[in-house]
Amino acid sequence: MIPPRLIAFGELGLGGEVRPVSHIDHRIREAGRLGFTEILLPARSMGRSSGVPEGVRLTGVRNLVDVLRRLSAIREESPAGRDVPAPD
């Protein structure tokens, strides 16, 4: 299950690679404004953002395996049975 406060963006290639997308700053700001607290984005886009909203965690991913590993780690970090409300 994908946590309700997580958002991901990037272009997924046929080989499983996660490629950068345009307007990274705008996407990050908008995700924070909408209440998302974790953003998975292409690793090559890390460091290109001029500002990250307070309380938002950026995680760079290179491929689909990285995405699945992060989702697994989030599940392990979360208390069992905890309901997290979706962003408004």
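Helices (H or I, at least four residues) and strands (E, at least two) are DSSP runs, numbered from the N terminus.

**View 1. The predicted chain as a whole.** This is a predicted model, in which local features need pLDDT of at least 70, side-chain atom pairs count only at pLDDT 80 or more, and totals for chains, interfaces and linings use all residues. Residues are numbered from 1 along each chain as its sequence is written, and side-chain values use heavy atoms, with hydrogens and water left out. The protein chain holds two helices and five strands. Their order along the sequence is β-β-β-α-β-β-α.

**View 2. The open sheet.** Three strands line up as β1-β4-β5, with parallel pairing (DSSP finds at least two bridges between paired strands). β1 (6-8) and β5 (57-61) are the edge strands, each with a single partner strand, so one side of each lacks a neighbour in the sheet.

**View 3. The β4-β5 pair.** Five bridges join β4 (residues 38-42) to β5 in the parallel sense. Leu 40 has Thr 59 of β5 as its bridge partner.

**View 4. Helices on the sheet.** Helix α1 (residues 24-33) lies across β1, β4 and β5. Helix α1 runs at about 165° to β4. Helix α2 (residues 64-77) also packs on the sheet, touching β1, β4 and β5 (contact: heavy atoms within 4.5 Å). The direction of α2 makes about 140° with that of β5.

Note on methods:
Axes fitted to C-alpha atoms, helices over the stretch in contact; angles between N-to-C directions.
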